[in-house]
Amino acid sequence: MSGEILQEVKNYLIKIKKIYGVENTVLSQRDGSPIESAGIWLSKNEIFGVCSSTAAIFNVAEHLHKSALNYILIDGERAKILVAPLRNSTGKIKNNTSILENSGSNYDLSSNTDYFIAITTRPKTNLGSIFIGMKNTLNSIRDLLEKSGLEFKPPLRSFSEDEVKNILNAFSVKEDEQTSSNIETFSLKITANLSSRLRDLIFDYSKNVPGVKLACITLTGGYPLCKFTLDPMLEAEGAISFSLFDTSKRIIYMLKKTTINSVLCECSTYSHFIYNLDGGIFSTFISKGEKRLGLLRLLIPQYVKTMNQYLREAEKTPETIFNIKQIFEELNI
């Protein structure tokens with residue numbers, strides 16, 4: 001019976017894969033357990049890495065945005081990754097309006113999320129057409145999983161050898177590639193004058209972009225540099241946003257070997273943008289209805305460019321380069 005259910009799920013994922021611009025679809029659940037996949041081949045490590053990273057990204061974003069979160073878009077140089085929830089039976093998409101333009105009215109957010117789908121697309125793909133093409137399919141997958149009575153909830157650490165084999169058999173598996181990663185670290189020395197210029201830039205951004213609820217520069221590691229916000233509930237946002245961005249950076253590199261540009265958390269009443277900076281991130285919340293998403297995508301990068309110019313003026317003190325693989329081997333990880 002479970003084999004028949006998984007085959008039906010596979011057929012739905014193949015249907016999503018046939019949408020123009022979609023390269024791969026991976027279905028997992030909240031705890032990171034992989035269920036099914038359709039599209040390009042993945043290695044054994046990538047299968048578990050994609051599912052666990054997808055769950056981590058969505059759980060961190062949901063912790064930050066609570067029930068307001070609709071979906072997450074990771075934008076890279078050569079690919080995009082869409083992480084979308086399969087909400088329970090009360091969380092259906094309501095109408096045919098483009099989610100990219102009016103996502104707050106398309107989901108009933110009164111329900112929890114048990115399953116997620118991660119979709120890899122080409123960099124120039126129209127995401128609005130993907131949402132329209134897959135919305136009924138997502139509801140069908142969710143209903144199928146709910147009505148099946150099957151439990152897809154064993155934590156990864158307790159998988160037996162046979163369970164792992166069954167999961168891998170359900171995916172298209174390629175051979176693992178041997179890679180070696182070096183990490184270069186440095187310390188930033190920011191003068192009082194440079195810090196003042198960055199604060200002025202953040203303040204100028206908050207005045208010139210309508211609907212700004214928060215604007216924050218956070219250094220690598222989650223250390224806040226400067227922030228503008230009118231909401232005291234957003235004071236601890238910087239470290240969480242950095243964690244979300246850092247995990248997103250790892251998953252898009254693992255899947256497509258490409259660098260990350262930005263992360264978008266689309267919520268019911270506002271949009272949360274996170275942009276890559278030289279030595280950190282820029283995070284901003286913008287209320288909906290103030291600007292169209294396409295215009296914001298043109299306006300915000302201009303400020304990000306200036307922020308990067310300022311940060312490059314900071315003195316960098318290089319630290320020792322170390323090999324992360326060697327460290328893991330020494331720790332027996």
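User: Where is Arg78 found?

Analyst: In this predicted model, Arg78 is in the loop between β4 and β5.

User: Why is Arg78 called partly exposed?

Analyst: The relative accessible area of Arg78 is 48%. Buried requires under 20% and exposed requires over 50%, with partly exposed in between. The value for Arg78 therefore puts it in the partly exposed class.

User: Which residues does Arg78 touch, not counting residues up to four places away in sequence?

Analyst: They are Pro123, Lys256, Lys257 and Thr258. A contact here means heavy atoms within 4.5 Å. For Lys256 there is also a C-alpha to C-alpha value: Arg78 and Lys256 are 7.4 Å apart in space and 178 residues apart in sequence.

User: What makes β4 and β5 a hairpin, and how do they pair?

Analyst: β4 and β5 have 3 residues between them. The two strands pair in the antiparallel sense over 4 bridges. Pairing needs at least two bridges, so 4 bridges qualify. Within this pair, Leu73 stands opposite Leu82 in β5.

User: How do you know that β4 also pairs with β12?

Analyst: β4 (residues 69-76) is joined to β12 (residues 260-267) by 7 bridges, and the strands run antiparallel. The requirement is at least two bridges, so this is a pair. Asp75 stands opposite Ser262 in β12.

User: What makes β4 mostly covered?

Analyst: Of its 8 residues, 8 are buried.

User: Why is β1 described as largely enclosed by the rest of the structure?

Analyst: In strand β1 (residues 22-29), 8 of the 8 residues are buried, so the strand is largely enclosed by the rest of the structure.

User: Which strands pair with β1, and over how many bridges?

Analyst: β1 pairs with β6 (residues 113-121) in the antiparallel sense over 7 bridges, and Thr25 has Ile119 as its bridge partner in β6. β1 is also joined to β2 (residues 34-39) by 5 bridges, again antiparallel. There, Ser28 stands opposite Pro34. The hairpin of β1 and β2 has 4 residues between the strands, and Gly32 takes a positive phi near 95° in it.

User: Why is His65 called buried?

Analyst: His65 has a relative accessible area of 3%. The cut-off for buried is under 20%, so His65 counts as buried. His65 lies in helix α2 (residues 44-65). Leaving aside its neighbours within four places in sequence, His65 is in contact with Cys265, Cys267, Tyr270, His272 and Phe285.

User: What makes the largest nonpolar core a core, and which residues have the most contacts inside it?

Analyst: A core is a set of buried nonpolar-type residues, among them Leu, Met, Tyr, Phe and Ile, joined through side-chain atoms within 4.5 Å. The largest such set has 50 residues, and those with the most contacts inside it are Leu27, Met134, Tyr205, Phe282 and Ile300. Helix α4 (residues 127-148) gives the most to this core, with 8 residues. A second, separate core has 30 residues, including Ile57, Ile260, Val263 and Ile274.

User: What is Met134 in contact with, leaving aside its neighbours within four places in sequence?

Analyst: Met134 is in contact with Ile16, Ile19, Leu82 and Ile119.

User: What are the totals for the protein?

Analyst: The secondary structure comes to 9 helices and 16 strands. Buried residues make up 49% of the 333 residues. Among contacts with a separation of 6 or more, 70% are between residues 24 or more positions apart. The accessible surface is about 16400 Å², and 50% of that belongs to carbon and sulfur atoms.

Definitions and conventions: Residues are numbered from 1 along each chain as its sequence is written. This is a predicted model: local features need pLDDT of at least 70, side-chain atom pairs count only at pLDDT 80 or more; totals for chains, interfaces and linings use all residues. Side-chain values use heavy atoms; hydrogens and water are left out. Buried means under 20% relative accessible area, exposed over 50%, partly exposed in between (1.4 Å probe, protein chains only). Accessible areas come from the Shrake-Rupley method with a 1.4 Å probe; for residues, only the protein chains shown count as cover.
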